[in-house]
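Please look over the sequence and the structure shown here before reading on, and keep both in view as you work through the report.

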Amino acid sequence: MKKAFLFLFLLTIVSCQKKETSDQRNPVKDQHSFSEPSKAIVKHLDLDIKVDFEKQAISGKASWQIDNLSKGTEIIFDENSLSITKVTLGDVEKETQFKLGDPIEFHGRPLFITIAPNTTKVNIYYTTSKDAVALQWLNPQQTADKKKSFLFSQGESIWTRTWIPCQDTPGIRFTYTATVQVPKDLMAVMSAVNPQQKNATGFYTFKQDKPIPSYLMAIAVGDIGFKAIDKRTGVYAEPSLLDKAAWEFAELGKMVDAAEKLYGPYRWGRYDVLVLPPSFPYGGMENPNLTFLTPGVIAGDRSLTSLLAHELGHSWSGNLVTNATWDDIWLNEGFTTYVEHRIGEVIFGQKEARMQDVLSRQSLYDNIAEYGPNHPDTRLKVNMTGRNPDDGLTDIPYEKGYAFLQTIEKAVGRKNFDVFLTQYFSSHAFQSITTEDFLKYFNEKLIKGDKALADRIQVEKWVYQSDLPDNIIIPVSEEFTAIDSIQKNWRKTGIEGLNQKIKSTSEKQHFIDHLPRNISVKEMAAIDAEFDFTKGGNFVIKRQWFVLAIQHNYTIAYPAIEQFMIVTSRTGSLQTLYKEMIKTPEGKIRANAIFEKAKPGYHLTTVQDLQKILK
């Protein structure tokens, strides 16, 4: 024990003393970026922009410090729907030639800029368009307070190029500063060190001195307030949500402490969260220093704050050590899901952790079944050639990645695996790596030529083959076993009193998921009266219950389902409901009607994904 702790202590000291720079000596060529980083690569961005709500546009200058590795006469950037007005070189701003290549679906166009062999700075003047996928412009009625306009960005996976000309790949990292002009009654925040109150000028400055990939560039502008939780954590939100959010996330500081004890120091300074309006398309986005969150997390009982553990976990897996291409997304999401569960076990206890494991595994099985076991997208290392990399953000990299890491933990022991992960995060800090880079490190540091250990883990099957290996761990929860017993008998004993036995969000999820397939509308009404699933319940419970309601024509819930689908923009949850609804002709008509009402409030990526389903 003493030796293990001494090793971790010394490792922490060494990691803190390292200069936090990105190792880009051998950048990987990313098929989803036009850039050629082996020839000329960006190192630092100075961004100077104005946010114009009337025109719904961002305009200004992106000044890039570059390293012209080949001493050539050209550097290539990614852009998508931008209006490039001028390009200059150096501090003297000598105008230079530029041209745009042919557009490619999802990817936009390459921006070719003429440089000199000794060029170290490129200044790009530009304006965004209303087609910028990354930017969501909200009118006051689309916000929580319904008083002032709001803007937020969502760069993952390849959408930062729609609001900043950049080398838009997770394989390239850079630091940045920004000066942002916004209306004087609004405040700007970014994925950087942030202000904690509005100023009178409307000008805000930011600094991110840790190298990040482009998809973690983020901005939000609105009527935002701040409330501290502890010395290094806090909450940003619209005024009407601020106190609620601060209460909901009261354990945020404890989560950061728990993560540090597990995997080494938090390297980003502050960790704050921003609660966005409902049109945010995800549960959360792990932008450095400032996680963006859906307001659906605010359940009023802290029952959904495990989502915070996931986004916080990205501060180690994803933001600190990043997938070099979108084929390697499991390195972000699988590792983060593992870290999320480990943080959750510390904060919420082992019983909740076991329930979460069962739910996680069920989600994986459901996703495998939806694809089919032989589908190539059920591999961890996927092939996104010629595709929108957003299509790779299914449950597979999250849940199969998590199951794989659990398998390793079981094979080598939790203590050994924790030491390995801590060393892995430290030795690859502020780097972007491929699956093959990880496996090389894994074999050198953990397997060490032990064939018997390698055979127990079955790495090749987990990473490169479809479906699930036979050594997958099957989690068990005593709490769920008790609910399974209730499921067998409630038709005889009645529903009354079950809400005192089935209380937590996880327990209710399991109960809903395992109700009999032949359940009647009358029985659903009795369950609804007991648990108030249709009108009450948090976001997750509503989503689960509404799937069942659609399947069994529980028309009592239809108005609530429609309202839920209009005010929610979490893409994954909406996909689930729309897919269920269109299975019948009547449901398809209803789904299209709801979509037309809801579309103005959805994020553009959500609209695009749902249009594919409704076709």
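This is a predicted model: local features need pLDDT of at least 70, side-chain atom pairs count only at pLDDT 80 or more; totals for chains, interfaces and linings use all residues.

## The open sheet

Seven strands form an open sheet in the order E5-E4-E8-E2-E1-E11-E13, and the pairing among them is mixed. Strand E5 (94-95) and strand E13 (203-213) stand at the edges with a single partner strand each, so one side of each is left without a neighbour in the sheet.

Within this sheet, strand E1 (residues 41-52) pairs with strand E2 (residues 57-67) in the antiparallel sense, over 11 bridges. Ile41 stands opposite Asp67 in E2.

The structure holds 27 salt bridges, and one of them joins Arg109 to Glu79, whose closest N and O atoms are 2.8 Å apart. Because Arg109 lies in strand E7 (residues 109-114) and Glu79 in strand E3 (residues 74-79), the pair ties together parts that are 30 residues apart in sequence. Arg109 is partly exposed, with a relative accessible area of 26%, whereas Glu79 is buried, with a value of 0%.

## Further charged pairs

Arg270 forms a salt bridge with Asp272, and the closest N and O atoms are 2.8 Å apart. Here Arg270 is partly exposed at 23% relative accessible area, while Asp272 counts as buried at 3%.

Glu436 forms a salt bridge with Lys381, with 3.2 Å between the closest N and O atoms. This pair links distant parts of the chain, 55 residues apart, since Glu436 belongs to helix H9 (residues 435-447) and Lys381 to the loop between helix H6 (350-371) and helix H7 (395-412). Glu436 counts as partly exposed at 36% relative accessibility, and Lys381 as buried at 18%.

Note on methods. Residues are numbered from 1 along each chain as its sequence is written. Side-chain values use heavy atoms; hydrogens and water are left out. Two strands pair if DSSP finds at least two bridges between them. Helices (H or I, at least four residues) and strands (E, at least two) are DSSP runs, numbered from the N terminus. A salt bridge is a side-chain nitrogen of Lys or Arg within 4 Å of a carboxyl oxygen of Asp or Glu. Buried means under 20% relative accessible area, exposed over 50%, partly exposed in between (1.4 Å probe, protein chains only).
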